Amino acid sequence: MMVYIIVFVSLPVLVFQSGDGLFRSAILRLLLLFCTIGLVVGAAIYLDKRPLQEYGLELDCRWMSNLLAGFVIGGAIPTVAVLLGVVGGWITVGGTGYSLTASYLRDVGQLS
């Protein structure tokens, strides 16, 4: 877990400083994804001492349909919540944009 925290905090420094901010954010998110997958697989192999096949992850038609259903439900719930908030007047949208994870993480600990 400590390795994950160190990598998570140091990744914004390792991401290319030149180029588009959205591209840097995408690279950061991919690196975090690969780090998370690597830690989970490493823990499964070295801590649990079982091969990955014993976890019951079979890529079949049922697994794909469950994955699709999860994506649909996971996307629909926040979408419906925001739409209900906008229609009900509890939420107002002032503008659109994106927040850069790399920029945010670079400023962690530099509060003035």
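## Largest pocket

A pocket is an open set of grid points with protein on both sides within 12 Å along at least five of seven lines, and its lining residues have an atom within 4 Å of a point. In this predicted model, the largest pocket is lined by Val40, Val41, Ala44, Leu52, Gln53, Tyr55 and Leu57. Its volume is about 170 Å³.

By class, the lining comprises six nonpolar residues and one polar residue, with no charged residues. Rolling a probe the size of a water molecule over the atoms shows where empty space is left.

## Overall fold

The protein chain contains four helices and zero strands. Along the sequence, the order of these elements is α-α-α-α. Of the 112 residues in the protein chain, 14% count as buried.

## Nonpolar surface patch

Leu57 is one of the residues lining the largest pocket, and Leu57 also belongs to a nonpolar patch on the surface.

Leu57 is located in the loop between helix H2 (21-47) and helix H3 (61-88). With a relative accessible area of 67%, Leu57 counts as exposed, because exposed residues are those over 50%.

## The loop between H2 and H3

Lys49 also lies in the loop between H2 and H3. The phi angle of Lys49 is near 55°, a positive value in a residue other than glycine. Most residues other than glycine have a negative phi. The relative accessible area of Lys49 is 66%, so Lys49 is classed as exposed.

## Salt bridge

How many salt bridges does the structure hold? The structure holds one salt bridge, which is formed between Arg50 and Asp48. The closest N and O atoms of this pair are 2.9 Å apart. Side chains of opposite charge can pair when their charged atoms come close.

Both partners count as partly exposed. The relative accessibility is 31% for Arg50 and 36% for Asp48. Neither residue is classed as buried, because that class requires a relative accessible area under 20%.

Definitions and conventions: Residues numbered from 1 in each chain as written. Predicted model: local features only at pLDDT ≥ 70, side-chain atom pairs only at ≥ 80, totals over all residues. Heavy atoms only, no water. 1 Å grid on protein atoms, 1.4 Å probe; cavity = no way out; pocket = protein on both sides within 12 Å on 5 of 7 lines; lining within 4 Å. Points joined across faces, edges and corners; volume = space filled by probe spheres on them. Nonpolar A, V, L, I, M, F, W, Y, C, P; charged D, E, K, R; others polar. Patch = residues over 30% accessible without salt bridge, like charges linked within 9 Å, V, L, I, M, F, W, Y side chains within 5 Å. Areas by Shrake-Rupley, 256 points an atom, 1.4 Å probe, with all protein chains shown as cover. Salt bridge = Lys/Arg side-chain N within 4 Å of Asp/Glu carboxyl O. Helix = DSSP H or I, 4+ residues; strand = E, 2+ residues; numbered from the N terminus. Buried < 20%, exposed > 50% of the residue type's maximum accessible area, 1.4 Å probe, protein only.
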